[in-house]
Amino acid sequence: MEKIGARIGARIGARIGAKVDANIGAKIAMAAGLPTPEDEPRTAPARPRDRATARRRLTASLAALALASCAELVITTSTGIETEGSPGAPATDSTGTPGTPATASDVGTSEGTGSATGDADTDTGDSSSTSAGPMTSDGATTTSAPDTNTDTTDTTGGGDGFDTDPLDDPLTTEIFTFEGMDLGDIDGDGDADLIVGGAGFPPRVSVYPALGDGSFGAAVTTEIASFEGFVVGDVTGDGRADIIARGAGFPPRVELYRGLAGLGVSGPVTTELNNFSPAMAVADYDGDGRGDLFTDTDGGFPPRVITYRGLMTGALQKTSETEVWTFAHLAVGWHDGDAHLDLLTADDTPPQIVNVWPGAGDGSFGAAVETQVFNFSMLDTGDLDGDGLWDLVTDVPGNEWRIQLYRGLPGGQFAAPVVHEGFSFLALTVGDVNGDGKADVVTQPTGSPPRVDVYLSK
């Protein structure tokens, strides 16, 4: 046991001596009462006569080892030498502070349900504190939303964004309990009416006529076949919006209900389609006066948007497929300043990217123009300021009373958002409710009674 203790002490002393002083290790071993290798006897030590003696010698050796280790720690600390495994100092920037990690009317839409976690930095300050410059990647133009964190209402986007909040305070209309809503001019008077799906049984839709002041009149309700989501637009070209419902069950299909002057609907006219989700949009891409239907492939790969041309009979005819980036939201509108309808897709998972695919007027679409935006789970588009370029409207997850408004820019980009402070809501849609040529925002508020809030554009 003495021999083992001598070797342990010698090794510890040698390790310390390599970093500080070769003599210190020997002094530690001597202070522990252990022989150095030079003093070690050449003959084997006598075997202890009993276990108690062996135990005492083992205890003494372990105590010497602990003493040597403590001495190494004291010497290393006092001399400022860094031992193996000690953490380095934090990185600092040029100021000497610890560095921080880099961080990465006649158009209808009906979306699948999106989700997002965490609050977005939604309030924006003046233009001097916002913009990240445009970046390009794979031919796509990207505009980053500002990274600010102020807390004021009616914030302006600065730069080319809205100078002031473009929305008024809401007007409220109580309605029946409903599931799903869209806007469209069912009666052909120039104002977008409110269409909702009735909750429960039987399956039905209710049309609330727009009264021209942001409120709605009494509903006209029509029972229809079972459906899973719907969108509104004038597919037949008669000047009145129709309801295009995604039929429940198999086969995949849409059922068109023609809008009537008395706010009822007739039909349906059924068209079987490829498998698709309730994310649909309707607008006239070819300028023939009839709305066309845009659907997805319900998770198929590669992601595609399918275009169906609207016929006067209410049937739909497939015309094209467009490969796009993965998306959860689908909309259409006039975004790049030309006469052709554009396609908009968006993904609400980080990084939140909105893609505008410029239309060619024949059902095909060009390369995407990208804009990075703040967190959202709901999205729709419309021309809020009447400048001919459609704007983007989203919610703010975690701040359910806020509406983010991104002004459309030439080329299919969007400016930094304005935040409107409204009331908490569960769903939103956009359309011209009062017929003034500007799109308005309609939300489904939380709580009771069932109702809608209309935020007219100023």
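Predicted model: local features only at pLDDT ≥ 70, side-chain atom pairs only at ≥ 80, totals over all residues.
Buried here stands for under 20% relative accessible area, exposed for over 50%, and partly exposed for the range in between, with a 1.4 Å probe and protein chains only. Local features need pLDDT of at least 70 and side-chain atom pairs count only at pLDDT 80 or more, whereas totals for chains, interfaces and linings use all residues. Residues are numbered from 1 along each chain as its sequence is written, and side-chain values use heavy atoms, with hydrogens and water left out.

- Apart from neighbours within four places in sequence, L194 is in contact (heavy atoms within 4.5 Å) with I175, M181, D182, L183, S206, V207, Y208, F216 and V452.
- In soluble globular proteins, nonpolar side chains tend to be buried together.

**Overall make-up**

- The protein has three helices and 29 strands, where helices (H or I, at least four residues) and strands (E, at least two) are DSSP runs numbered from the N terminus.
- Of its 458 residues, 48% count as buried.
- The protein exposes about 21,300 Å², of which carbon and sulfur atoms supply 53%; accessible areas come from the Shrake-Rupley method with a 1.4 Å probe, and for residues only the protein chains shown count as cover.

**Salt bridges**

- The whole structure contains 12 salt bridges, each being a side-chain nitrogen of Lys or Arg within 4 Å of a carboxyl oxygen of Asp or Glu.
- R309 pairs with D288 in one of these salt bridges, with the closest N and O atoms 3.4 Å apart; R309 lies in strand β15 (residues 304–310) and D288 in the loop between β13 (280–283) and β14 (292–295), so that the pair links distant parts of the chain, 21 residues apart.
- R309 is partly exposed at 24% relative accessible area, and D288 is also partly exposed, at 26%.
- A network of salt bridges links D286, D288, R290 and R309.
- E321 and R304 form a salt bridge at 2.9 Å, N to O, which joins strand β16 (residues 316–323) to strand β15 across 17 residues; E321 is partly exposed at 40% relative accessibility.
- E421 and R402 form a salt bridge at 2.8 Å, N to O, and because E421 lies in strand β26 (residues 418–421) and R402 in strand β23 (residues 402–406), the pair ties together parts 19 residues apart in sequence.
- R402 is buried, with a relative accessible area of 8%.
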